[in-house]
Amino acid sequence: MLLLLAVCVLGVLLLYGAGRLCAVRREPARALPPFSGGLAPAEHPASRFHVRWYPVSLVFLAFDMEMLFMYPWVRVVGEMGTPAVVEMFLFLGILLAAVAYAWREGAFRWS
C-alpha cells in the first residue's frame with residue numbers, strides 16, 4: 001500500500017514539475033490595435049450591436065426554424081402525400097404573414 005502511495009505521489013510531483021518546466025511565460029500584450037484589413041478600428045471590438053440588428057436576427061431565426069421543419073418533411077412527403085404538402089404550404093403561409101408583419105412594422109428599415 002505504501003509503495004502504491006509513493007508511486008502516486010511521485011507521479012503527481014513529476015506532473016507538477018513538468019507543468020512548471022513547460023509553462024508559457026506570460027507577457028503583457030503590446031498596445032497595438034487589432035488588425036482589420038489594414039484599417040484602424042472605428043469602435044471597440046467588444047462594443048454592443050445596434051438595436052436594429054435584433055429584428056433581423058429574429059427573422060433569421062424564423063427562417064432557420066423553417067429549415068429545421070422542412071428537412072424531415074422532405075423525407076416523409078412521399079409517404080404522406082397531399083396532406084403533407086398542404087401542411088407545408090400552411091406553415092409557409094404563416095411564416096410569410098410573419099415576414100409581412102415585420103416588414104409593415106419597419107423591422108427591415110435601417111433609418
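Cys8 is partly exposed, with a relative accessible area of 45%; on this scale, buried means under 20%, exposed over 50% and partly exposed in between, using a 1.4 Å probe and protein chains only. Cys22, at 60%, is exposed. The structure is a predicted model, in which local features need pLDDT of at least 70 and side-chain atom pairs count only at pLDDT 80 or more, while totals for chains, interfaces and linings use all residues. Residues are numbered from 1 along each chain as its sequence is written, and side-chain values use heavy atoms, with hydrogens and water left out.

**Cysteines**

- Zero disulfides are found in a search of the whole structure, a disulfide being a pair of cysteine sulfur atoms within 2.5 Å.
- A disulfide is a covalent bond between the sulfur atoms of two cysteines.

**Overall fold and surface**

- The chain contains three helices and zero strands, where helices (H or I, at least four residues) and strands (E, at least two) are DSSP runs numbered from the N terminus.
- The order along the sequence is α-α-α.
- Of the 111 residues in the chain, 10% are buried.
- The chain exposes about 10,400 Å², and carbon and sulfur atoms supply 72% of this area; accessible areas come from the Shrake-Rupley method with a 1.4 Å probe, and for residues only the protein chains shown count as cover.

- Helix 1 (residues 2–21) has 20 residues and should span 28 Å at 1.5 Å a residue, which agrees with the 28 Å between its end C-alpha atoms; the expected span is 1.5 Å times one less than the number of residues.
- Val51 lies in the loop between helix 1 and helix 2 and counts as exposed at 57% relative accessibility.
- Val51 also belongs to a nonpolar surface patch of about 640 Å², made with Phe49, Trp53, Tyr54 and Trp110.
- Patches are made of residues with over 30% relative accessible area and no salt bridge; like charges are joined within 9 Å, and nonpolar side chains (Val, Leu, Ile, Met, Phe, Trp, Tyr) within 5 Å.

- Glu66 is found in helix 2 (residues 53–80) and is buried, with a relative accessible area of 8%.
- Glu66 touches Phe91, Leu92 and Leu95, not counting residues up to four places away in sequence; contact means heavy atoms within 4.5 Å.
- The C-alpha atoms of Glu66 and Leu95 are separated by 8.1 Å, although these residues are 29 residues apart along the chain.
- Ala84, Met88, Leu95, Val99 and Ala102 are the buried residues of helix 3, and they pack against helix 2.

- Side chains of opposite charge can pair when their charged atoms come close.
- One salt bridge is found in a search of the whole structure, the criterion being a side-chain nitrogen of Lys or Arg within 4 Å of a carboxyl oxygen of Asp or Glu.
- The salt bridge joins Glu105 to Arg104, with the closest N and O atoms 3.3 Å apart.
- Glu105 is partly exposed, at 48% relative accessible area, whereas Arg104 is exposed, at 58%.
- Gly106 follows helix 3 and has a positive phi, near 90 degrees.
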